[in-house]
Amino acid sequence: MKFKIDHDYHIHSHLSLCSGDPEQTTQNILRYAHENNFKRICLTDHFWDEKVEGAIDWYKPQNLAHVRQSLPLPQEEGIRFFFGVEADMDKFFRLGIAEETFGQFDFVIIPTTHLHMNGFTLENGVTDNAVRAQLWFDRLAALLQKPLPWHKIGIAHLTCPLIGGSDRKAHIDILRLLNRESVQVLFRRIAESGAGVELNFNPFIYNDEELETVLDVYRLAKAENCKFYLGSDAHTADHLRTAPDKFAQIVDLLGLDEQDKFDF
């Protein structure tokens, strides 16, 4: 059976400091789910646990009390609205959520590709694409070594343009520099852990060659039996409106069916 587009597990509200959209409320997010016949959605505002050292000034206000302002989440019959967060990892591979805090959330997504935060997620002045490709690998490998509740964790946006830093076009070159055999080993670990791999990219912005480079990453994950979930990464109402078409195109391009789906 074809992969049903019935969920979105990566959504930000106005509480994420990079949103800035007063219309990005939990009620409007629930309405988005209703209008698109989604059965499961998850709120994942940016978060850095105050119990963990190392937060930059941008992250410090986005603590547990901050993200919990969304609670209680509005509910509607036939739709499950989950409470999650997007927890980051710094340049020391330190995860911004304490072990005991995982229990506060239904789902936790973790990006290893936020390589636009100079001095925080990587050393200042790293511009070489080969170095960034190695960081792509090293950061994901470090995350997978951690003793985490993997059944409720998603690996966020692995092909995110932010791996290129301020040069958003560089991310294609970085993806091409990845060692495929080494990446397969990581995807095998993800599959064994029970974590989900996020499908979160815009297939309409690439030319054919670029799109094949992006898709190749997820095809490697699929070959290693990883399970996938859809994430819009929506920060605004406009992002929500365009998400379903992107999801449909991604599912078709990767030829996904229901057995490829991750649920927590």
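Two strands pair if DSSP finds at least two bridges between them; helices (H or I, at least four residues) and strands (E, at least two) are DSSP runs, numbered from the N terminus. This is a predicted model, in which local features need pLDDT of at least 70 and side-chain atom pairs count only at pLDDT 80 or more, while totals for chains, interfaces and linings use all residues. Residues are numbered from 1 along each chain as its sequence is written, and side-chain values use heavy atoms, leaving out hydrogens and water.

Q: Which residue in S5 is the bridge partner of Ile 109?
A: Strand S4 (residues 107-111) and S5 run parallel and are joined by 4 bridges. In S5, the bridge partner of Ile 109 is Gly 154.

Q: Through which helix does the chain cross from S4 to S5?
A: This β-α-β crossover is right-handed; that is, with the strands pointing away from the viewer, the path from the first strand over the helix to the second runs clockwise. The helix on that path spans residues 129-144 and is H3.

Q: Which residue in S6 stands opposite Gly 154?
A: S5 also runs parallel to strand S6 (residues 196-199), with 2 bridges between them. The residue of S6 opposite Gly 154 is Gly 196.

Q: Are Ile 153, Gly 154, Ile 155 and Ala 156 buried or exposed?
A: Buried means under 20% relative accessible area, exposed over 50%, and partly exposed in between (1.4 Å probe, protein chains only). In a regular strand, side chains alternate between the two faces of the sheet. In strand S5 (residues 153-156), Ile 153 and Ile 155 lie on one side and Gly 154 and Ala 156 on the other, and all four are buried.

Q: Which residue in S2 is the bridge partner of His 7?
A: All 5 of the 5 residues in S1 are buried. S1 and strand S2 (residues 40-47) run parallel, joined by 3 bridges. The partner of His 7 in S2 is Arg 40.

Q: Through which helix does the chain cross from S1 to S2?
A: This β-α-β crossover, too, is right-handed. The helix crossed covers residues 26-35 and is H1.

Q: What is the relative accessible area of Asn 225?
A: Most residues other than glycine have a negative phi. Asn 225, which is not a glycine, has a positive phi of about 70° and lies in the loop between helix H6 (208-223) and strand S7 (227-230). Asn 225 counts as exposed because its relative accessible area is 57%.

Q: How many residues has the largest nonpolar core?
A: A nonpolar core is a set of buried Ala, Val, Leu, Ile, Met, Phe, Trp, Tyr and Cys residues joined through side-chain atoms within 4.5 Å. Those with the most contacts inside the largest core are Ile 41, Phe 105, Trp 136, Phe 187, Ile 190 and Tyr 218. Its residue count is 72.

Q: Which helix gives the most to the lining of the largest pocket?
A: The largest pocket is lined by 29 residues, of which Cys 160, Arg 168, Asn 200, Ser 232 and Asp 233 lie nearest its centre. A pocket, on a 1 Å grid over the protein atoms alone, is an open set of points where a 1.4 Å probe fits, with protein on both sides within 12 Å along at least five of seven lines; lining residues have an atom within 4 Å of a point. With 6 residues in the lining, the main contributor is helix H7.
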